[in-house]
Protein chains: 2
Amino acid sequence: MLPSRGGAGRARAMSTLETMAHARMVDPEIGDLLAELAEDDSLDEWQRASVRIFKHDYDKATRVPPDLVGALAQARGDAYQAWTEARPKADFEMLEPHLEKLISLRKQEADAVGWEEERYDALLDDFEPFMRTSEVARMFDDLSAQLKPVAETILDQVGPRQRFLTEAYDEETQERFCHWLIAQIGFDMEAGRVDTSPHPFTAGIAPGDVRQTIRMERDNVFASIYAAMHETGHALYEQGIPDELRDLPVGRAPSLGVHESQSRMWENHVGRSREFTRFMLPHLKEYFPSQLGSVSPDEFYEGANRPERSLIRVYADEVTYNLHLVLRFQMELALFRDELQVADLPGVWNEKSQEHIGIRANDDGDGVLQDMHWSIGALGYFPTYTLGTLYAAAFYEKASADLGGLSTDLARGDGSRLHAWLNEHIFQKAFIKPGKELGEDVLGKPLTVTPFIDHLKTKYADIYDVSFSD
Amino acid sequence: MLPSRGGAGRARAMSTLETMAHARMVDPEIGDLLAELAEDDSLDEWQRASVRIFKHDYDKATRVPPDLVGALAQARGDAYQAWTEARPKADFEMLEPHLEKLISLRKQEADAVGWEEERYDALLDDFEPFMRTSEVARMFDDLSAQLKPVAETILDQVGPRQRFLTEAYDEETQERFCHWLIAQIGFDMEAGRVDTSPHPFTAGIAPGDVRQTIRMERDNVFASIYAAMHETGHALYEQGIPDELRDLPVGRAPSLGVHESQSRMWENHVGRSREFTRFMLPHLKEYFPSQLGSVSPDEFYEGANRPERSLIRVYADEVTYNLHLVLRFQMELALFRDELQVADLPGVWNEKSQEHIGIRANDDGDGVLQDMHWSIGALGYFPTYTLGTLYAAAFYEKASADLGGLSTDLARGDGSRLHAWLNEHIFQKAFIKPGKELGEDVLGKPLTVTPFIDHLKTKYADIYDVSFSD
């Protein structure tokens, strides 16, 4: 909604608010109050959780020297600016010195905050509080080992692109369809808005005010539809946080990975299911009769699930997406273990791209420079996308077992029983406990990669009539 | 943009920010800093003005005891709530005890803040800083004496409503026309937005981010058009505040009256002029050929300027509008001089309505309860509407004399020379001095009611071929 000349004013306002928020956060009085509350037996479990979370955040904030906070802000600004110029020129050397500086500062910050097993723990904790690197690394090892052969088997089967996948779809008509779809799967339009933006996102301002955005791609109607369902997953979570908790530390999802489980679930497990695509097709045909009039439910389903080897993560499909994450996680870990130098990133990127995805970029613009995350210092963030994928599969498997007949619901376009289950088991729990513990409560066992791998095998055995060796 | 269930969350956020802002405002350290800056010879004139304004606001804020601040907030909330229920029922007694309480508290507040000549000065100062009641009262006396006979002469001439004034105009088409019009008269669409809302308003977030809203009335196309021009006047002012002053106390208009001069000028002196309506008509005909195809420029001009005796201020025309304000100002003044009791408001309202406007309401819903201002404690606000009207006429007269040939500009729909003049003489001056002083600088003499009265006489002598006795 920001007018093009409004950026400077907003940046000033945000900077003022962030400076004030930080000053309040590190106020010694907060430390005294937290110490007092930690001894208070009269607190209920929500209040105890709030104190625990706030203490965790307070300790992290106070351990970083003010000079380092300032240097990090500056380095982030410089590196991001360099990235915006380096990416279109595919010139990694323009970014290199700034990224070098930023990563060096983030190492100092991690050491100042402290960690138990290894330095990367401190980075991961910003996005997956209380999670250890060793647990994530084990999961990535399993995933890498199991996903690669499955993906290769699937990718060998993929035929040519069907014609309806490349036709033009009027953006305004897509937008109307997406609004209908988002309401259909349970987003409360009175407790939020749907607007458009260049990059879709969801912002939970309050349970009664959740803003999500969508983006229409003229030549890729599935990209628009599944981005909308992805964001709706995030938005349902935000609308489900109990209102009375909203302004407390406990009034949010316990981690980005758990949050991402919802976007992935509604996008892939609901939205790309045979049943839901069958439900959706006749509705979409009403909006696009000329493009889709002669498309069968099987063709539509196959089109919604057509994988391919591609360079750019954000356009990757359900099968190959997490291979992009494997390479990023391995490189981040090596950087923070001092096993990899910033200067070597482009070469290692290309090797790993060949190894994991099976192709390599023509230049660094589509390679190591494709994501902005590193340039803003968001290290430890990428693994949460994969955790989200794994949680989505595991939660969906559990919900299916608990509820029974979920695919019959989806064939009617009815997500209400699933929504109610998620609300009870996940949304209403907010941040009562760390993501890992919440996940184990919900699943009755620790998270593994098995539900996700099984999901892919079952889906693609059906689509391409292949079998997978173990 | 707020979803219907988002109000509670926003109210909490606003309350937090306001509490924090107030706590910072009354911090004794601010007083020490202001005392130090008052002695500082190295400040430039903008900085000196900022210190003077901030000192003025600081003194007012610190003189009100915290208990009274809290009681006022509570009384405002209660009275506003009562008003929302009382107005549809036209039941003044539902509001009376709450308004009684609120006005009593505002008297205490005025006495705590302090005043030199009379208590109402303290209220007026919130909206017209440094302005005295005696000056405004003199202006209202003149206005009341001169406007009433002029208005009566004009109102006697008004014929039946032309058909095109009551036809239906598609709202979406009106909205497209208003967007075109707003850009045409100089609003920078890259430094702001135009949206719709039930009550049009303008919010200047930053010079590069000015938000204005419009409202489309299906059965009253002129109401939509002139509300849009009115808000554009406010918006041009906000876009003209120098960027480098924006976050300083000096970076705003010096008063609501001066701000309102811009909305009134673009609405009435530009928008309702014979030249501009002649320019606008063929454009509007492109949007509404069936309603306006056969309407002549003279009919259109007359329609845009058709006055009538009406009950509701917000729908009043240029001729009668300020008569509504005369009665409100007289009643506010009497209340704060302890010459009028809250319980007597409805009776006095009806008498004064008959006296000044020539009609009286059937019930209090269309009478004393029609405006929300008093119920939120906004007393001292109404006179700024009239000051705006008087400034608009005086500034426009001066700009016309300085620039020459302004009506030729308007006949081409070209407000750019006027805009540049306003920018130089008013917008760029921001709050460098009090509104009254700025006005005298611009005009080269004190503000009087003469330019406004002359403007009405000239316009209506031309429209209705009447003459006015002196």
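Predicted model: local features only at pLDDT ≥ 70, side-chain atom pairs only at ≥ 80, totals over all residues.
1. A word on terms first: a residue is called buried under 20% relative accessible area, exposed over 50%, and partly exposed in between, using a 1.4 Å probe and protein chains only.

2. Residues are numbered from 1 along each chain as its sequence is written, chains are lettered from A and ligands numbered from 1 in the order in which they are written, and side-chain values use heavy atoms, with hydrogens and water left out.

3. How do the two chains relate? Chain B can be laid on chain A with an RMSD of 0.0 Å, by a turn of 180° and a shift of 0.0 Å along the axis; the superposition is by least squares on the C-alpha atoms of residues with pLDDT of at least 70 in both copies. The two copies are therefore related as by a two-fold rotation axis. The same surface serves both copies, since 100% of the contact residues of chain B recur in chain A; contact means heavy atoms within 4.5 Å.

4. On cysteines, a disulfide here is a pair of cysteine sulfur atoms within 2.5 Å. The search of the whole structure finds 0 disulfides over all chains.

5. Now to helix packing. Helices are DSSP runs of H or I with at least four residues, numbered from the N terminus. Axes are lines fitted to C-alpha atoms over the stretch in contact, and angles run from 0 to 180 degrees between N-to-C directions. In chain B, helix H8 (residues 171-184) and helix H9 (residues 221-240) pack at an angle of about 30°, with their axes 10 Å apart. H8(B) passes H9(B) in a right-handed crossing, the near helix being turned clockwise from the far one by less than a right angle. The H8(B) side of the contact is made by B:Gln174, B:Phe177, B:Cys178, B:Leu181 and B:Ile182, which meet B:Val221, B:Ser224, B:Ile225, B:Ala228, B:Met229 and B:Thr232 in H9(B). By class, this contact has 8 nonpolar, 3 polar and no charged residues; Ala, Val, Leu, Ile, Met, Phe, Trp, Tyr, Cys and Pro count as nonpolar, Asp, Glu, Lys and Arg as charged, and the others, Gly among them, as polar.

6. Helix H2 (residues 28-38) of chain A and helix H3 (residues 45-63) of chain A have axes that come within 10 Å and cross at roughly 145°. The crossing of H2(A) and H3(A) is left-handed. From H2(A), A:Pro28, A:Ile30, A:Gly31, A:Leu34, A:Leu37 and A:Ala38 meet A:Val51, A:Phe54, A:Lys55 and A:Tyr58 in H3(A). The class count for this contact is 8 nonpolar, 1 polar and 1 charged residues.

7. Two backbone angles deserve a glance. Most residues other than glycine have a negative phi. A:Asp465, although not a glycine, has a positive phi of about 55°. A:Asp465 lies in the segment after helix H20 (450-464) of chain A and is exposed, at 70% relative accessibility. B:Asp338 is not a glycine and has a positive phi of about 60°. B:Asp338 sits in the loop between helix H14 (321-336) and helix H15 (345-356) of chain B, and is partly exposed at 46% relative accessibility.

8. Where does B:Gln157 lie? It is in the loop between helix H7 (133-155) and H8 of chain B, and is partly exposed, with a relative accessible area of 35%. B:Gln157 and B:Ile463 are 306 residues apart in sequence and 9.7 Å apart in space, C-alpha to C-alpha. Leaving aside neighbours within four places in sequence, B:Gln157 is in contact with B:Tyr464 and B:Val466.

9. Finally, A:Leu410 is found in helix H17 (residues 406-411) of chain A and is buried, with a relative accessible area of 1%. Not counting residues up to four places away in sequence, A:Leu410 touches several residues, including A:His269, A:Phe276, A:Phe279 and A:Tyr396. The C-alpha atoms of A:Leu410 and A:Arg278, 132 residues apart along the chain, are separated by 9.1 Å.

Definitions and conventions:
Helix = DSSP H or I, 4+ residues; strand = E, 2+ residues; numbered from the N terminus.
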